[in-house]
Structure formats: C-alpha cells, structure tokens
Amino acid sequence: MKIRVLGAAAGGGFPQWNCNAPLSRAVRENRPGFLARTQSSIAASADGRNWAVFNASPDIRQQIAATSDLQPAADAPLRSTPIRAVILTNADVDHIAGLLSLREREPFTLYATRRVLETLASNSIFQVLNPDHVERRELALEGETELHGPDGPLGLSIETFSVPGKVALFLEDPEKSDFGTSSGDTIGLAVRRTANIGAADKTLFYVPGCAAIEAPFKQRISGGGCLMFDGTVFENDEMANTGVGSKTGARMGHLAIGGPEGSLAGLADVYLKRRVFIHINNTNPILDPRSAETSAVLAAGWEVAFDGMELEL
Ligand code: MLT
Ligand code: MN
C-alpha cells in the first residue's frame, strides 16, 4: 500500500493566513528547516493507480496540483481522476471543505459516519456533490469496510473505530458541557490492503484527532506498521502560552503531545514500526526542526509529518 501525506498541518495550515507568531513568521521567511504545510489530509492506494483520499481539506486543489499520482493520467478520458473514494474522520472544516472543490460531475464514493453524513446533508452547499455521481456511504462506528470506487473495489479496506473527540467547532452547542458531542463525531481508521486484513504490520492507523488515549486503543494499534496520530499541540495550553488564543488542546478535542498525560508518554509502551505526528497546529514547536520539543519527539522514535511524505506498507 502506498501512502502519501497531502497535508500535515491542522486547520489553518502552516503558516496560517492571519498568524504573525514566530513559527508562522519563520516559515513565511523561508528560514532553514521550516516547511510550509497544508491542511490535514492523506491518500492511499493498493495498486498505485486508484486512490482513496482521507479527509478533504480546503487545500485539496493545491494538494492535487502537487501530487502527480492524483492527477488525470495521460491516457485517461478528458474528464477523469485517480481519486475513487473520499473518507472523512470528522466534520471539521479542515476535513470537509475540500469536498466543494471535488465538484464537476466526477464520480467517486464518499464514506463517513452517520453523524458526519447528517452534517453534510444539512448544509445544502454540499449538494454540489450531486448524488447521481457521488454516492454517500455510511460507515458503521465499528467494523471493516472494503472501499469501493464507482467502478468497483479499490483493494483497500478500512476498519472504523470511535475515538474520544469533540463535535465540529461550527456545530458546538454552548448550552451543553460536552458541546453536544456524540459518538460518530470523531473516528480513527485502520487502513490496509484488503489482502492484508489481519496483518497489523501492514496496517496504517490514521488518527488525526484524538482527545485521550484509552487501553483498548493501545491494544488495537499494537504492532501496527504505522500510526499517524494527532499532533495538534505539544502543550495543552500552547495557544495561551504563545499569545495567539485561549483555547486549550483539550477544549478543541486534541490530546497534547508533551506532559505526563500526553501522547508521547501515553504511547511509549506500544510497539509500532513507525509513529508519525500529523494534524500539526501552527503553534506547535515541533514545526521548528531545532526546538527542544522536536528533539524530544525524535528521541522517542516519532517522525514529524510533512507534505509529500511517502510511506509504503
Ligand atoms: C480542529 O481540528 O480542532 C478543527 O479543525 C478546528 C477548526 O475547525 O478550526
Ligand atoms: Mn482539524
């Protein structure tokens, strides 16, 4: 299975359009080692010709332009795409807004949980994806789904599992202590070739949003070929510390990397062939290759995702 990181940043991207904090300034100034990153998305393929895109970021047009695998092949019809399926892990703006760029009567299959499909159905702008061409298929909260494009199976299967998270920001109910979050708002995925179902070492665990690490999750991912995990913030109160906002990682549904409760500590005893932080917010010091935080994650065996990163499983 071929895997491409299309966008390694969290919502807002890196640099974020209106951010003047030191990290965004550094990347805008092309300081050595700083890499611009687009918003949260990956792609996978079993055969190198037909691709599934996981999360449709607002930057998808730019991501396709940067990724020849996702462009129409030279011998393909006048209107065509290698993107045969799109799978959503939640309804956040950084994961669904790109659907609007995938209009133009192009067939593909759209997979999401009922909660996320309901959000798309209740926002009429998503009718630009005409159901005559774009079939919407519901993902169960637990279980295996063989991915299909309009012409048949892609040779890829996904296993869906619920992870602790939060309802999309634009759907928050301020009256409720959990902001109206319910199951199906955030899922993680095990992605592999259909031929490799059951082979953990050939499985990518893709979890770009996760608010807490629980024991069953650790068991599920143990022995995995690669974990791509929520790297939104290094410190829970990083937004306040950097002076750009007041929301904590926890308030946004994202577990911090550092600290005794963080993902670095929480996943230290799980065996994985590779572990990669993805969905990285523009305040996160792991975006600075010379920071102490980058040294800490690298020393713990983690990689920091970047746009164009390629993996093979
Ligand atoms: C998140 O990951 O927390 C969201 O993408 C935030 C947002 O919707 O801007
Ligand atoms: Mn996000």
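Modeller: The discussion below turns to the ligand, then to selected loop residues and the backbone.

Modeller: This is a predicted model, in which local features need pLDDT of at least 70, side-chain atom pairs count only at pLDDT 80 or more, and totals for chains, interfaces and linings use all residues. Residues are numbered from 1 along each chain as its sequence is written, chains are lettered from A and ligands numbered from 1 in the order in which they are written, and side-chain values use heavy atoms, with hydrogens and water left out.

Colleague: Which residues are around ligand 1?

Modeller: A residue is near a molecule if one of its heavy atoms lies within 4 Å of it. Around ligand 1 these are Asp 92, Asp 94, Leu 169, Met 252, His 254 and His 279. By class, this shell holds 2 nonpolar, 2 polar and 2 charged residues (Ala, Val, Leu, Ile, Met, Phe, Trp, Tyr, Cys and Pro count as nonpolar, Asp, Glu, Lys and Arg as charged, and the others, Gly among them, as polar).

Colleague: Which side chains have an N or O atom at 2.8 Å from an oxygen atom of ligand 1?

Modeller: Those of Asp 94 and His 254 do. For the side chain of Asp 92, the distance from an N or O atom to an oxygen atom of ligand 1 is 3.2 Å. Taken alone, ligand 1 exposes 270 Å², and the protein buries 77% of that (areas come from the Shrake-Rupley method with a 1.4 Å probe).

Colleague: Is Asn 90 buried or exposed?

Modeller: Buried means under 20% relative accessible area, exposed over 50%, and partly exposed in between, with a 1.4 Å probe and protein chains only. Asn 90 is buried because its relative accessible area is 6%. Its place is in the loop between β4 (83-87) and α3 (93-96) (helices, H or I, of at least four residues and strands, E, of at least two are DSSP runs, numbered from the N terminus).

Colleague: With which side chain does the side chain of Asn 90 make a polar contact?

Modeller: A polar contact is a pair of N or O atoms within 3.5 Å; within protein, one must be able to donate a hydrogen and the other to accept it, and residues adjacent in sequence count only if both atoms are side-chain atoms. The side chain of Asn 90 makes such a contact with that of His 95, at 2.8 Å. The side chain of Asn 90 also reaches the backbone nitrogen of Asp 92 at 3.0 Å.

Colleague: Why does Glu 172 count as buried?

Modeller: Glu 172 has a relative accessible area of 18%, and therefore counts as buried. Glu 172 lies in the loop between β8 (152-162) and β9 (187-193), and a polar contact of 2.7 Å joins its side chain to that of Lys 166.
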